[in-house]
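Hi,

Here is the structure for your files. Notes follow below it.

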Amino acid sequence: MRISGGGRCNVTHACFDPRALASRYPRGGRALIGPFHRFQPQDTITWFEACGVRLKTESDGRMFPTSNSSATIIDCLRREADRLGVQCFARTSLEAIERDENGFTVRLSTGEPWTCDRVLLATGGCRTAGTVQAATLLGHTVVPPVPSLFTFHADEPWLRHLPGVAADPVEVSIPGTGLRESGPVLVTHWGLSGPAILRLSAWGARILHDRDYRFSLKINWLPGRTTDAVNEDLQRQRDLQPGKRITNSPIAPLPARLWEQLVGNAGIADDTRWTTLSRAGRLALAETLTRTTIAVRGKSLNKDEFVTCGGIPLPEVNFQTMESRVCPGLHFAGEILDIDGITGGFNFQAAWTTGWIAGHAMAGANPVRSTP
């Protein structure tokens, strides 16, 4: 939470229709439609406002605390935990959970076992052996987790001249997979990032894992325009400013530095003017602008954030209560489930929703809507 949203905490997303909201989840969206009718982003906003925290909406729909600090959200949750008498144990790991006719015995690394009627597993994923072992010993299977929301490594020499350059919109796709996204793309020191890349990584998490993160990425730097249409645009550019150097007259909205590199990639010399550009050169530039191919050779985390797909299979959970179908009294919430969303606050919203439902069910209440 502290590092999400660049340290600002992307609490949720301003999408208030349950079905539209569910469509932002590469895995688990269908299962979330019902829960989102019970607790969705508007309920999240209301809950935090009732606790004294106001949220704001940015132009792309992401929502943050007005303080622009994740500490605001963390402090709010800690205050509520203290107010409600929740006991928190830092630097403590789960050793085992045992089920018998009387309930559960939870064994922590602190030593003394705890007994309880119900248990909620909300460990934020199935990346640790303790979590996986606890779930499997209680009768569950686990879908092996693989990374989601990651950036792409690329060793193209020309990209090394462009760190920090962003283009928007850009269309990115992976041939042979059906994966395609549009939006901002950011060139980094190691390759490519930005919302379009992160969404592509989320939808293709398992496919790209199976390919060992080695694949070809196609880029249309001018989405919505075909190669033929761009070729015509270049011809008009030639007619309007024949004596101007091509590298000095980029097509909007491409950044100047990116344009210069793409012109060079098309085999056009730096001092070439529009009037001397051959038909073959114009076609090569149109092809480069709409069909750049980059060899991806690995991945990196999105900053320090780490989201996975995989976890507890959804058919093993009752989404009315988030209770296990195979171990009564055991509940799940958050990323430990085989649910993950694209970037933009969707993973937090899935955690708020499933946690709210599980909490009310465990307390013996299951209201249709939230109350602040």
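By class, 4 nonpolar, 4 polar and 4 charged residues line the second largest pocket. (Ala, Val, Leu, Ile, Met, Phe, Trp, Tyr, Cys and Pro count as nonpolar, Asp, Glu, Lys and Arg as charged, the others, Gly among them, as polar.) This is a predicted model: local features need pLDDT of at least 70, side-chain atom pairs pLDDT 80 or more, while totals for chains, interfaces and linings use all residues. Numbering starts from 1 along each chain as its sequence is written, and side-chain values use heavy atoms, without hydrogens and water.

The lining includes Glu171, Arg180, Lys218 and Arg291. Two or more lining residues come from each of β10 (166-174), β11 (179-187), β13 (214-220) and α11 (279-291). (A pocket is an open set of points on a 1 Å grid over the protein atoms alone, where a 1.4 Å probe fits, with protein on both sides within 12 Å along at least five of seven lines; lining residues have an atom within 4 Å of a point.)

Now helix α6, residues 129-137. (Helices are DSSP runs of H or I, at least four residues; strands are E, at least two.) Thr131, Ala134 and Ala135 are buried there (under 20% relative accessible area, 1.4 Å probe, protein chains only; exposed is over 50%, partly exposed in between). They share one side of α6, because their arc around the axis is only 95 degrees (taken from the directions from the helix axis to the C-beta atoms). Ala129 and Leu137 are exposed on the other side.

The buried residues of α6 pack against β4 (94-100). A hairpin through 2 residues joins β4 to β5.

Best wishes

How values were computed
Contact = heavy atoms within 4.5 Å. Pairing = 2+ DSSP bridges.
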